[in-house]
Amino acid sequence: MSDSSAIENSVAVEAHHEHPPYQRHHFESVAQQFDATNFAMWLFLLTEVMFFGGLFTAYLVMRNWYYPAFVVGSHQLSIFWGTLNTLALICSSFTMAMSVWCAQTRRKSGLVLCLTLTFVLGLVFLGIKGIEWHEKWVKHHVPGLRYSVEAFVNPASDPEVFAEYHDKPLAPDMAVKTEQYFFLYFAMTGMHALHMVIGIGILAFMIFRARAGDYTSGHVTFVENFGLYWHFVDIIWIYLFALLYLISRHQ
Amino acid sequence: MSHISPVLWQFLVKWLTNFALFPPEASRIAPQMDALFFFMVLVSLVGLTIVVLLIVGFAILYNKERHPHAVQIEGSTLLEATWTIIPLGLFLIMFVWGALIYFRVYTPPANAMNIYVVGKQWMWKVEHPGGQHEINALHVPVNEPVQLTLISQDVFHSFSIPDFRVKREAIPGRYTSVWFEATKTGTYHLFCTQYCGTDHSHMTGEVVVMSPEDFRKWLAGSTSGQSLAQDGERLFASLSCNACHNSRPDARGPNLVGVYGSKLTLTTGQTVTADDAFLRQAILNPSAHVMQGYVPIMPTYQGQISEEGVIALVEYLKNLDTGYRVQQTLNTTTLPPQFQGAPPAAGQKRTPQGEVKP
Amino acid sequence: MSSTIVRLPDQSTARIPKTNFLTRENGLLSWLLTSDHKRIAMLYLVSITFFFFIGGALAGLIRLELLTPQSDLMATDTYNKVFTMHGLIMIFFFLVPSVPATIGNFLMPMMVGAKDLALPKVNLLSWYLYMIGGGLMIYTMAIGGVDTGWTFTTPLSTHYLNTHVVSAGLAVFVAGFSSILTGLNFIVTIHKMRCPGMTWFRLPLFVWSNYAASILMVLGTPVLAITLVLVILERTVHIGVFDPAYGGDPLLFQHLFWFYSHPAVYIMILPGMGVISEVVSTFSRKRVFGYTAVAFSSVAIAVFGFFVWAHHMFIMGISNYAALVFSLLTMLVAVPSAIKIFNWAFTLYKGSITFETPMLYAIGFMGLFTIGGMTGVFLGAAGTDIHLTETYFVVAHFHFVMVGGMLMAFLSGIHFWWPKMTGRMYPEKISQFAAVVTYIGFNLTFFPQFILGMLGMPRRYASYPPEFQVLNVFSTAGATVLGVGYLLPVLYLVWSLKYGAIAGNNPWQATGLEWQVQSPPLTENFPEIPIMDHEAYDYEWLELQQAKEVASVG
Amino acid sequence: MSEQTENAQHIVGPKVYVLILFALIVGTLATVGASFVEMGVWNPVVALAIATGKAMLVVLFFMHVKYSTKLTKLTIASGLFIFLGLITMTMADYISRAWGRW
């Protein structure tokens, strides 16, 4: 039966080298595996950049058109919570970076600690985000579902809003456009929060594995790549904070 | 010939009588556009011939039987440069030529007569300044430039007259314009070419090009009794626009006499020309278009006036050359029904602003 | 028989190698959980064929309806749903994944000399996403379909329709991520998994063109994804950035949508161009004329392709200055395609040409793509675009590029690599016949549509003025022929799975690394990672190699 | 074998991380402060400049790009190029619409 020359080739040659258990069969070396997955992660982040890119484009167009509405809309966000959230996320980025360092230098308890801190800070971020969103709901600032422009035309009509409203009332046609601002606010922070939720889910899984010592035996790839993702989410927030919260606070 | 199947026979007769490769050239721009089109066809044919000749020629010359051993050739910078630069040059010619025509089609001459077109699912409503309203038809005089100001009341539509080689989308929320000068009397197809929902393919009509006399007769015969500007005047009064825009020195709104076509300075410091699009925007989104020296107190009329109503107002403002009329306008308080805002479309939940949805 | 290059092993003794990727494991689960790129390619092949025939059946319905000027076969809204589903299925579930996810998936690792794609599990995930998207699309169709047109034009899709826009949008969204993952995998594989000696300029041109297409997939598709998210949001909460009633801008949707959907046509055609490079070279026994020019023209198409999107919006009221810039860039992106056509034609020069089925399809591709490409210039020049856009001219142009170009390339590739995929040859005579039938049917179907478009017949019309009927009848007649042309390959390819001649390693005497191993290949492709010691398309190297083998056996 | 760490790349130490964290916090406070200062058209420019500065720090140090290969840097650059292309060319349409009567 085996007289075809092709069959001679078909005897699979077993790999000669001894591989660490985390090296996948189709890679030649661990370095190649790390390189490839790291590069893949960066490409994935590029797709994320373009994903948010569509939102940023929409934001820019609308902001250019309806600047007064965007100013007033942004003043409805709490700068305190916003700043706190930014700091929480920056700190979580720091602890994530530390996790990578711990994994690289094989400090298991340090790694578990740093990952847990990142996890907690991520939850803090989402918690604060929840508080802010709840406030928007109370103030009738959820576009499409629960929205009132009345407060922007005549602030006194809504005591909830009036308490912290320092802007001049908007003309009715411009007031309508605040809904665009809040639509973008919810779309952008919502997309961002979705990424956070996914990240936190993966973090939980990583803490579990880190306690088993999976990342402190030389296999840093996963931690490193997840770190990239986490930092990327942080970067997006840095821009969202500047674009959504900080429009002309001086007015 | 009767032994051929009658169906086939009919088919052939139809083919022979109706066959055309390109539509009639019935407007000033059509021959110009066709010139470019035929230039492109020529270039394509030459290009295609070259490619086909090369492939067929090489296939015959160098098939395996004739030419059993291939000669390896790396490439040729000279040849490759040739077929980079020549197509590039041709494409650039087409680009410049095409751009010239594009600008010509979308730059109406100053003396063009203006006709308003409102697209809605699934009909074209045409409004002549004289108050003639048409549905799915457009009557125009021959040899006279006609500008169409287009707007859609709902979704994207596209106003296309193939025999004139012009087409423009009517989009919601903004005026667009196109112009043509018909050169042959007759009846031509009018299509909506942008897909707009269920009855897209029934959103067709006809463009009737008439001699000037016939057109005058038609205008006289189909007038609704009130010009568009007069409609606008009534609307102006019933919306109480003249409470502020009344040309008095202490008026809260700017004087609108002679405003059309003038240069205005806005509170933002921008200088703009008050054209149709600006007037429309100023009615619907006043606060972004406040003139210097005035405060943004004007309410918005978004959703309260139909597109036809806005057109009537714009047309009224265009023809407003004396303040007398504004002050003397009768003060009716109700909005004529034909100008009320369109009812929300199916599946659409609009709440009046200010109202809170639970 | 000298007019063929096919060299098959002695049929009386030849056997399909016992160990290969098909026989390695058995059972449904071994397929559903595989991470072998070749098996995933097969899964893709079966699934896209399935969707192709659904889309094709819908196309048949469209052509039947257009046989008569009235909308008599179906009501207008049914017709609208039919052409929408045809567009969505054909574009997102057939054309986009066609060459990359099947042929590309199968060959990419072998061509660069790797055991698998860099991320095999992600590859499998991409197929599952495709299937989920496809399932959603079928579900959409089952519950009543959607009639937005494949372009989801707002505000029609967001406020004025009661059909299932959300599930259709989700289907495309999910399928989009499947194509992102494929593209990502390819880029990583090409960068990081090349075997020793495989420099960038030794890569087969198929790899180059898939690389270019992958860049477009990775960077373009997410914009479509977010746009669809915004459409779905707007549809559910009734307000959004595309809603003119609230100050949004429907043109913004057009910008974002075409930012993906124009590059998408390059995603569809570039891999096809790669196939043509391989096939033309192999069947003329010659290195591709001007390898570097062809390679770089792919990359140039990818880069320029990103910045031409607004030529879909010339008559929609974009700024005339923008129209000018986009028109100019469109002219520039046409040049690399012209370069490719001439380079392929000159590859034939002084070759030693044979005309097996893949070559027939490839020659068909060159002719039809030339027409398709040139008519694209008609639409890219702003002036003529005014008259031609939104008419059957666009339909004809698009189908010349996608069906005449891409589908021809796909069939060419499938026939070319069929022996590698299955180990068996397809039947030559009948497949040559099918290629000719396809070619005739295609021209009969779509060429009259150019004239219809020039005459001004708008697209997406269920009924039309009676003077357009004759040309429509031709078109419908052609579609019937075309249908036969597409059914035939399915029949004989399935037949050949059992009865085809044993192909051996390299029936075409081709030079690619994939041809130097057994067919069907081993799960790990190469027994040893190969070392690339020659240029791509080096037929002299191949002859030397074969002479050596003969000598050693002798 | 067991000594082999899979990434042979530069390991960034905690000192750098703490410094970056500090810089990011300062940046955050600075951008909040800047938004309360009247700068006219420069407000958004400053806000975006600070945000970009912060993002650069994160990318270069937290994400180790400063120590990465040219390929990574090129990848990021090309992604940003396309992203900016999307934004500028779309905005070019919107802005130039106001130039003429079209």
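**From domains to backbone details**

Chain D is divided into domain 1, covering 11–67, and domain 2, covering 69–102. The model is a predicted one. Between the C-alpha centres of domain 1 of chain D and domain 2 of chain D there is a separation of 23 Å.

Helix 3 of chain D takes in residues 70–97. This helix has 28 residues and reaches 40 Å from its first C-alpha to its last, close to the 40 Å expected at 1.5 Å a residue. Several residues of helix 3 of chain D are buried, including D:Thr75, D:Gly79, D:Ile82, D:Leu86, D:Met89 and D:Thr90. D:Asp93 and D:Tyr94 are also among the buried residues of this helix. An α-helix has 3.6 residues a turn, so residues three or four places apart point the same way.

What covers these buried residues? The cover includes helix 2 (30–65) of chain A, and from chain C helix 8 (205–237), helix 9 (250–283) and helix 11 (320–347).

A:Leu43 gives a residue-level view of contacts with chains C and D. Leaving aside neighbours within four places in sequence, A:Leu43 is in contact with D:Thr75 and with C:Leu184, C:Ile187, C:Val188 and C:Val218. D:Thr75 is one of the buried residues of helix 3 of chain D. A:Leu43 is also among the residues with the most contacts inside the largest nonpolar core, which has 403 residues. The others named with A:Leu43 are A:Ala40, A:Leu184, B:Val117, C:Val112, C:Met366 and C:Met406.

The backbone has some local features to check as well. Most residues other than glycine have a negative phi, and most peptide bonds are trans. Against that background, C:Glu390 has a positive phi of about 60° although it is not a glycine. C:Glu390 sits in the loop between helix 13 (382–388) and helix 14 (392–422) of chain C. Is C:Glu390 buried or exposed? C:Glu390 is buried, because 25 other C-beta atoms lie within 10 Å, and the cut-off for burial is 20 or more.

C:Arg460 likewise has a positive phi, near 65°. Its loop runs between helix 15 (428–455) and helix 16 of chain C. C:Arg460 counts as buried because it has 22 C-beta neighbours inside 10 Å.

Two peptide bonds are cis. The bond from B:Gln121 to B:Trp122 has omega near -10°, and B:Trp122 is placed in the loop between strand 1 (113–120) and strand 2 (123–127) of chain B. C:Ser519 and C:Pro520 are joined by a cis peptide bond with omega about -10°. C:Pro520 is in the loop between helix 16 (469–499) and helix 17 (539–553) of chain C.

Key. Residues are numbered from 1 along each chain as its sequence is written. Chains are lettered from A and ligands numbered from 1 in the order in which they are written. This is a predicted model: local features need pLDDT of at least 70, side-chain atom pairs count only at pLDDT 80 or more; totals for chains, interfaces and linings use all residues. Domain bounds come from an automatic or database domain assignment. A nonpolar core is a set of buried Ala, Val, Leu, Ile, Met, Phe, Trp, Tyr and Cys residues joined through C-beta atoms within 7 Å. A residue is buried if 20 or more other C-beta atoms lie within 10 Å of its own, exposed if 12 or fewer, and partly exposed in between; C-beta atoms are placed from the backbone. Two residues are in contact if their C-beta atoms, placed from the backbone, lie within 7 Å. Helices (H or I, at least four residues) and strands (E, at least two) are DSSP runs, numbered from the N terminus. The expected span of a helix is 1.5 Å times one less than its number of residues.
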